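Subject: Structure handover

Hello,

Here is the structure for you to look over. My notes follow below it.

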Amino acid sequence: MPDAAITSRPEWLMSGNVALCPCGCIGKRSKGSFLEKTLRGASDPLRQTMFSEDVARQPGILQQADPRAKLIGMIVLLVAAGLVHNSLSLAVMYVATLGLAAGSRLSLGFLIKRVWLFVPIFTAIVVLPATLSIVTKGDIVLQLWTWHGEPQGFTRQGLLTALLVVSRVAVSISLVVLLTITTPWTKLLAALRSVGVPRFFVLIIGMAYRYIFLLLETVTEMYESRTSRTVGAVRHDKAARSFVGASAGALLGKANHLSEEVHQAMVARGYRGNARVIDEQRLRRTDLVFISVAILSAAAIVVGDRFLGR
Amino acid sequence: MHIPDGYLSPSTCAVGYAVAIPFWSLAARKVSKVVRTRNVPMLAVFSALCFLIMMFNVPIPDGTTAHAVGGVVVAICLGPWAAVIAVSVALLFQALLFGDGGVLSYGVNVVNMAIILPFVGLGVYRLIAGRTPLTGRRRVLAAAVGGYVGINFAALAAAIEFGIQPDLFTSSSGVPLYSPYHLSQTIPAMALPHLTIAGLCEAVLSAGVIAYLQRADVRRLVPNHPGIPVHEGDVEVAPGRLSPARVAIGFMTVAVLLTPLGLLAPGGAFGEDAPADLDLGPLGLHTVPAGLEKYNGFWSHAVLGGYGFSNGDHANLAYILSAVVGIIVVGAAIFLIASIVRLVLSRRQGVGQETDEDIAHA
């Protein structure tokens with residue numbers, strides 16, 4: 001037993017617990033509260049962010065473009081996606097985003113999953129009632145039931161609207177994901193500065209980004225310390241509510257304290273209200289080409305959409 | 001409540017930015033005026049805090065989730081302008097990192113959650129708390145109601161933004177281009193979960209934080225409550241007066257929030273459009289009274305007659321335009337009247353002070 005020889009931990013700590021039947025036939029399975037689940041799931045954003053920093057370092061079309069050029073291109077294309085009236089134009093745009101992802105050596109499966117699992121399923125649920133004749137009146141395509149002698153069901157207009165909204169949301173999210181996943185966060189911030197976001201805000205955004213993870217850790221620790229002191233099942237009563245309020249309040253106090261310390265540290269290092277950046281970036285010719293391509297394709301999509309009819 | 005891209009037309013998103021940008025610049029100016037360098041880390045930390053609060057989604061039976069925003073708490077502790085910045089930054093993270101809320105619709109989301117929510121919530125909090133001491137029980141209740149009302153107003157605003165889409169933007173074949181639901185559907189759909197679950201979350205959060213700070217760290221409430229005594233027996237400082245600008249802005253905010261309700265109301269009131277519309281039968285009258293007939297339409301030079309353009313085109317757009325014009329005009333009138341009242345009051349007080357000084361000298 002080489003492990004036991006190295007460690008001086010007691011044997012009982014190293015041995016596993018007697019496993020309860022996972023099907024729940026022995027003992028009682030606890031479902032856990034939403035609070036617990038949220039805290040456990042809170043490490044996901046961290047993992048996602050780490051992942052995007054990795055992707056941003058890979059060689060590819062989008063990774064090579066200047067963040068400012070990408071940001072401007074994305075906004076132009078987002079507006080174009082908002083202006084078109086036809087699902088076909090949106091489908092063309094969606095295929096183009098997939099092409100860009102492939103050119104940037106992103107896994108297509110990842111992009112499709114990220115876009116289609118997260119929000120558009122939520123969107124689809126939201127727009128589903130709009131496909132029925134009770135919300136959107138029109139020509140009934142598929143009759144489901146009758147109401148006072150009137151046939152009710154999916155309408156052509158409703159289905160078209162749903163298709164339009166879902167595809168527009170999918171294109172918009174794909175564009176945002178493409179930008180954020182191929183750009184390191186620090187460079188994205190510098191890009192925000194160049195589209196006119198004041199320095200004051202950029203500075204706050206950059207700092208807040210770092211504190212999210214710190215505060216997340218604090219919350220998790222607070223919750224863990226509470227549960228480690230709790231004997232018996234967690235009840236959802238007045239004490240639980242006051243715990244949530246008190247931990248939020250304590251977090252507020254900690255945050256305030258932290259901000260005072262950070263302020264002192266910043267002033268000690270010479271901060272006088274002006275943020276300075278080390279690397280000033282210049283737009284290269286390829287970036288101008290990138291922006292022009294984005295503007296031209298946005299224009300082409302909008303004009304093409306007009307030809308398709310409204 | 002986060003509106004993703006694709007639900008709102010680009011023009012609605014542009015209006016969102018047009019409303020948000022002046023608020024941002026005012027907030028930046030107001031907040032950095034207090035203490036220059038200190039605010040940067042403070043706002044950064046509070047933005048991160050708001051982001052975390054918004055991550056705590058509570059499942060709602062219909063398949064979506066509701067969440068507290070925390071904007072009212074930040075407004076109570078740091079002031080409404082700090083809350084504008086803190087919540088805006090948190091919303092930007094959500095839009096860029098997690099696709100929660102869009103980039104084009106960011107301005108609209110900011111208007112709902114970073115502007116309407118903290119201002120309305122803080123207003124209600126101040127109204128209920130009045131001048132009670134900082135450690136009083138009434139402040140906890142005030143924070144709860146403030147949080148509840150604030151988040152519900154934000155949800156109402158989101159519902160209105162969704163609900164006007166099918167009226168304003170449809171293709172030639174009558175297919176709605178953006179959010180397909182009308183106001184009569186969006187308002188109940190948003191109100192139900194927010195009146196029950198999300199409103200309760202925000203209320204519990206706001207009240208809990210204020211109750212905790214009262215118990216453990218009441219100092220943190222002092223800077224944003226000038227002139228309010230901490231404990232029951234403390235001396236109260238003279239209350240600050242309502243400035244004309246505040247009265248006018250307060251009125252305009254309420255008016256803007258209530259305006260779209262007019263789109264829902266059917267029919268006219270008391271035959272305001274034409275006396276012939278009046279139901280005179282139950283009154284025992286068979287014709288419109290002569291005086292009413294004569295003086296109706298006495299003034300025929302209205303700029304936006306019937307809350308619309310003269311040719312009757314774009315009825316809903318014209319209604320909203322009329323509302324904007326009306327609100328600005330009435331807001332300016334209130335500002336003028338309040339200014340005059342203040343001038344008269346300060347003159348009268350000035351006279352009173354002089355006499356007091358005279359007496360002291362004598």
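Helices here are DSSP runs of H or I, at least four residues long, and they are numbered from the N terminus. By that numbering, S174(A) sits in helix 10 of chain A, residues 156-181. Please keep in mind that this is a predicted model.

Start with S174(A). Its relative accessibility is 0%, so S174(A) counts as buried, the cut-off being under 20%. Beyond its neighbours within four places in sequence, S174(A) contacts Y94(A), T97(A) and V115(A).

Next is S89(A), in helix 7 of chain A, residues 87-103. S89(A) is buried too, because its relative accessible area is 5%. Setting aside neighbours within four places in sequence, S89(A) is in contact with V84(A), I301(A), D305(A) and L308(A). D305(A) comes up again below, in a salt bridge.

Then L71(A), which belongs to helix 6 of chain A, residues 67-83. L71(A) has a relative accessible area of 4% and is therefore buried. Not counting residues up to four places away in sequence, L71(A) touches L179(A), L188(A), A191(A), L192(A) and V195(A).

**Salt bridges**

How many salt bridges are there over all chains? The count is 3.

- R68(A) pairs with D66(A), with the closest N and O atoms 3.1 Å apart. Both R68(A) and D66(A) are buried.
- R284(A) pairs with D287(A), and the closest N and O atoms are 3.3 Å apart. R284(A) is at 44% relative accessibility, so R284(A) counts as partly exposed. D287(A) has a relative accessible area of 1%, so D287(A) is buried.
- D305(A) pairs with R306(A), the closest N and O atoms being 3.7 Å apart. D305(A) is buried because its relative accessibility is 1%. R306(A) is partly exposed because its relative accessibility is 38%.

**A hairpin in chain A**

Strand 1 of chain A (residues 140-147) and strand 2 of chain A (residues 150-155) run antiparallel, joined by 6 bridges. T146(A) has P151(A) in strand 2 of chain A as its bridge partner. The two strands form a hairpin with 2 residues between them. In the turn, H148(A) has a positive phi of about 55 degrees.

**Where chain B meets chain A**

The contact involves 73 residues from chain A and 60 residues from chain B. About 6100 Å² is buried between the two chains, and carbon and sulfur atoms give 79% of that area. There are 0 salt bridges between chain B and chain A. Polar contacts come to 3 residue pairs, both residues at pLDDT 80 or more.

Which elements of chain B each supply at least two residues to the side that touches chain A? They are helix 1 (10-34), helix 2 (39-55), strand 1 (57-59), helix 3 (71-78), helix 4 (80-98) and helix 8 (183-216) of chain B. Helix 2 of chain B gives the largest share, 13 residues. By type, the residues on this side of chain B divide into 43 nonpolar, 12 polar and 5 charged.

Best wishes

Methods
Residues numbered from 1 in each chain as written. Chains lettered and ligands numbered in written order. Predicted model: local features only at pLDDT ≥ 70, side-chain atom pairs only at ≥ 80, totals over all residues. Heavy atoms only, no water. Contact = heavy atoms within 4.5 Å. Buried area = accessible area lost by both parts, 1.4 Å probe. Salt bridge = Lys/Arg side-chain N within 4 Å of Asp/Glu carboxyl O. Polar contact = N/O pair within 3.5 Å; in protein donor to acceptor, adjacent residues only side chain to side chain. Nonpolar A, V, L, I, M, F, W, Y, C, P; charged D, E, K, R; others polar. Pairing = 2+ DSSP bridges. Buried < 20%, exposed > 50% of the residue type's maximum accessible area, 1.4 Å probe, protein only.
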